[in-house]
Amino acid sequence: MTPQRAQIAALWIVCLAVACIVVARARYITDLSAFLPAKPTAAQQLLVDQLRDGPASRLILIAIDGADPGARTQASSAIAGRLRGDSRFSSVNNGEPVTAERDRQFLFEHRYLLSDRITAARFSATGLRAAIQDTIDDLASPAGLLLKSLLPQDPTGEMMHIIDQLERTPAPAASGGVWVSPDGARALIVAQTAAGGSDIDAQADAIRAVRAAFAAAPRESSAADARPLQLTLSGPGVFAVAARAKIERAAVRLSIAGSLLVVTLLFAVYRSLPALALGLLPVVSGAIVGIAAVALGFGAVHGITLGFGITLIGESVDYSIYFFVQSRRSPQGPAPALSWQQAWWPTIRLGALTSVCGFASLLPSGFPGLAQLGAYSISGLVAAALVTRYVLPALLPSGFAIRDVAPLGVRVAAVLRPFRRLSGRKVAALSVAVALTALAILHRHGATLWNRELSALSPISIEDQNTDARLRGDLGAADVRNLVVVAGATLDDALAGAERAAQALSPLIDAQVIGGFDSPANYLPSAGMQAARRGSLPDPTTLRDNLRQATTGLELDATRLQPFLSDVEAARRAPPVTARDLEGTSLRAGFEALVLHQKDRWNALLPLHPAVGKAIDIAQVAVALQAARVPEARALDLERESDDLYAGYLSEAIHFSLAGTLSIIVLLSIALRSPLRVVKVVAPLALAVLTVAAGLAFCAVQLTILHLVGMLLIVAVGSNYALFFDREAQVHEAGGESLTLASLVIANLSTVMGFGLLSFSQVPVLVALGTTVAPGAFLALLFAAVLSRADPSTPATSRA
Amino acid sequence: MRQPRMHRCALGLLLLSWVCAAAPMGDLDEVMRLLAMRRHGRVEFVEQHFLAVLRRPIESSGELLYDAPDHLEKRTLLPHPENLVLDGGALTVERGGRRRVLDLHRYPQIQPFVESIRATLAGDRGALERVYRLEFAGSLPRWSLTLEPLDRELAKVVQQVRIDGSRDELLRVEIRQPDGDRSLMTLRTPAAQ
């Protein structure tokens with residue numbers, strides 16, 4: 001090795017070592033923040049908070065099937081009992097009354113601060129009379145059994161009212177004291193994890209806890225031949241965990257399978273282990289540098305960057321193929337006038353720059369996952385190209401040569417000959433025809449061409465989505481899709497806002513716009529509201545007088561209501577209720593689920609429940625809030641907001657890609673200095689992208705953001721093909737054509753195999769990449785081969 | 001409409017099964033069987049609650065509707081219109097335009113109490129015996145069924161339910177509470193339909 005070569009190798013090893021250290025120390029995040037905007041607007045921030053840590057994100061729906069009802073009830077009790085004692089869950093509900101005594105005590109003690117009926121009018125003589133008459137009527141109903149003992153203390157029936165206030169949600173069906181599906185076939189439990197839904201490790205941990213509780217649950221069944229008990233889990237966290245596992249599995253399995261295929265192909269071509277090892281250097285270096293660059297640039301690396309990144313720099317495998325095949329000198333023949341670096345490198349360099357322009361269009365995306373993929377591809381490709389240019393020649397043993405693949409090129413040329421003999425006019429006409437057909441198909445799909453729903457990216461199978469919908473249906477109201485979020489600088493501000501919002505929302509219940517709503521202020525009213533309610537309680541003398549007047553002629557004797565008088569007086573003197581008072585009750589979990597604390601502000605969440613048989617029109621809710629002048633309250637439809645967010649990413653990505661295309665054309669114009677050559681390089685790529693898009697649309701596939709990334713990849717990979725054909729048309733050298741063709745066919749084969757494999761994955765995003773890139777790369781090669789060699793005698797293709 | 005007409009063959013089978021099992025069963029089973037055969041019922045009621053806390057009993061009246069096996073409706077007309085619907089595990093109370101749904105499973109004290117009437121109407125002896133000790137007196141034309149809670153918690157709320165009836169008709173339901181309070185419901189089949 002010459003000193004200069006040794007220096008290059010040493011420099012490369014140092015760079016790689018530094019990159020490895022960065023990779024090893026990088027922070028990797030697997031939560032869904034890859035899909036959430038990096039710089040959200042205020043409205044997006046609400047959505048992001050909800051998706052990451054909101055109550056909806058923390059739900060685990062648990063269903064127990066099989067055996068007989070008795071066994072299911074027993075299992076439900078056992079599982080719920082065990083999970084209630086587990087700090088990983090903030091609340092577990094299966095319909096059983098628990099902590100009931102402590103809850104009742106809290107509600108009863110603070111009833112005059114909690115009830116929203118407490119006003120001065122209610123404690124006037126007429127108000128009291130109406131309230132007491134109501135309570136007496138209640139005594140005659142079955143609930144009267146409970147009320148009777150409370151009557152002397154609570155003749156106005158505030159306790160029942162508070163319970164109503166908290167239980168506005170229709171409860172699921174119940175049997176044997178636990179929740180069941182309406183047909184009674186499943187026992188149901190709703191658990192809420194303590195950790196946010198975006199903490200996938202914590203979610204996985206919680207799921208394991210549920211499975212362990214199920215495994216430990218008793219399973220005696222009266223029927224000997226009954227099906228064994230079965231556990232079904234669903235919910236955002238369950239999905240997130242499953243999706244991560246699925247993507248990890250698919251990415252690992254497919255990467256291994258793909259690598260094996262490519263390595264086998266390369267070995268078949270090179271017939272040399274050192275060549276194989278050297279040939280993988282660019283792609284390995286690129287991958288490491290890519291991750292290091294993302295870690296340095298973004299502070300943390302997203303899971304999807306690791307998962308998909310390597311597929312994006314598959315082009316770098318091509319570099320070493322080009323290098324080995326094109327730099328091969330036949331031992332007998334004369335040494336070429338130019339070295340590989342002089343003859344071929346400029347073309348590869350231009351190809352790499354074209355790819356960089358394409359991937360650069362991902363960089364400004366508001367979708368952090370996409371921006372990272374852009375950064376990874378750019379740095380990875382540049383690193384791989386540099387390693388190919390400088391390091392590979394330095395490491396190459398002297399006299400090293402791979403097997404002669406020129407015969408392959410000769411055979412390919414023979415196959416292509418009929419196409420390449422077509423006249424320039426015919427080729428142009430054919431190209432226009434292909435383009436027009438593709439455009440016609442794309443135009444016909446028009447509005448439905450792109451899938452603008454976030455669920456398009458979801459790796460969750462339709463079957464699992466159906467299970468989830470069924471369980472949510474069984475539970476009735478557990479779906480927190482629509483909610484009103486009230487922001488405040490302090491918890492008390494947020495609660496006061498929630499009270500104002502509640503006033504605006506109440507009329508909507510009567511109007512059947514919504515069926516009901518929850519509010520944290522039902523558990524803990526704001527300080528102002530508490531003061532107002534306390535202030536409306538009359539002093540003992542006034543109350544006594546009012547009560548005497550109120551009960552005249554009623555069945556209830558005022559003398560029996562002494563406990564009421566003392567309770568009201570106690571309430572007048574009691575300190576305000578605070579969040580601390582909720583400790584030890586199940587109400588605390590209910591309260592905390594409805595309050596979200598961010599760095600500098602508090603959010604009160606008011607989940608809306610649909611009216612029976614009617615979906616919520618969130619716009620109507622927004623109008624009501626606006627009319628009531630509650631500006632700090634915002635109505636949110638989580639599903640629609642997520643879709644809007646994704647649709648925003650998508651149209652942004654489409655625009656950036658168009659800008660990227662434009663920059664590629666500018667780059668090529670500068671480099672090639674000939675409009676005709678630019679057209680000949682760009683046309684095959686455009687045709688390949690159009691044809692693939694039209695093909696997908698024709699097969700009723702709706703395009704997603706990953707298809708768009710796939711199209712960028714077609715341009716990245718295909719630009720090399722087109723540029724080599726362009727070079728071939730410019731330079732005439734002995735055996736050059738067959739070497740070019742051979743290297744391109746091998747490179748193309750490795751790309752088609754690698755991405756073709758992705759098409760068989762179960763993960764939609766991988767399928768999107770595979771079904772776009774595999775056919776696209778092949779078509780790009782075919783179109784480039786045909787378009788570059790249209791008969792020079794026809795005017796349409798005369799050289800510039 | 002007292003008894004639905006039955007297919008001769010089915011009646012034969014039923015009689016056979018009844019005769020075969022007749023020996024250990026008393027009139028209680030016969031009453032239960034008659035009640036179970038009755039799929040619908042509509043009666044008028046007058047109910048009085050005698051509560052120590054009140055100066056005088058509260059009296060209400062209206063009608064009671066029953067659809068087998070688990071739909072029970074109590075429509076109070078006087079003194080205040082009120083509708084009480086028991087369907088499966090949910091108790092819906094409608095009064096003065098206000099509607100409230102109680103999930104009975106959340107009120108373990110109320111459920112067995114409500115169940116006593118519903119299970120009797122359904123002729124479901126098994127359901128009754130799960131919660132109460134049964135005592136039967138009288139004969140088919142005039143019987144009396146006394147229910148006493150097995151569960152000690154329940155016994156704190158309900159001391160005894162006594163149901164008087166004739167054949168498949170309920171005439172009187174009296175519920176006694178341990179504190180001496182009681183309610184008495186008198187039932188009457190409307191004269192003309």
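This tour moves from chain A as a whole to one of its sheets, and then to a hairpin in chain B.

The model is predicted: local features need pLDDT of at least 70, side-chain atom pairs count only at pLDDT 80 or more, and totals for chains, interfaces and linings use all residues. Residues are numbered from 1 along each chain as its sequence is written, while chains are lettered from A and ligands numbered from 1 in the order in which they are written.

Select chain A. Its secondary structure comes to 30 helices and 13 strands (DSSP runs numbered from the N terminus: helices are H or I of at least four residues, strands E of at least two). Of its 800 residues, 49% are buried, that is, 20 or more other C-beta atoms, placed from the backbone, lie within 10 Å of the residue's own.

Next, display the open four-stranded sheet of chain A, ordered β3-β6-β2-β7 with antiparallel pairing; strands pair if DSSP finds at least two bridges between them. Because β3 (89–93) and β7 (230–234) of chain A are edge strands with a single partner each, one side of each lacks a neighbour in the sheet. Neighbouring strands are turned by 20 degrees against each other on average, direction ignored (axes are lines fitted to C-alpha atoms).

Zoom in on β3(A) and β6 (residues 187–193) of chain A, which run antiparallel and are joined by four bridges. Here A:F89 stands opposite A:T193 of β6(A).

Finally, select β7 (residues 132–139) and β8 (residues 142–149) of chain B, an antiparallel pair with eight bridges. β7(B) and β8(B) form a hairpin with two residues between them, and B:S139 stands opposite B:R142 in β8(B).

Definitions and conventions. A residue is buried if 20 or more other C-beta atoms lie within 10 Å of its own, exposed if 12 or fewer, and partly exposed in between; C-beta atoms are placed from the backbone. Axes are lines fitted to C-alpha atoms, for helices over the stretch in contact, and angles run from 0 to 180 degrees between N-to-C directions.
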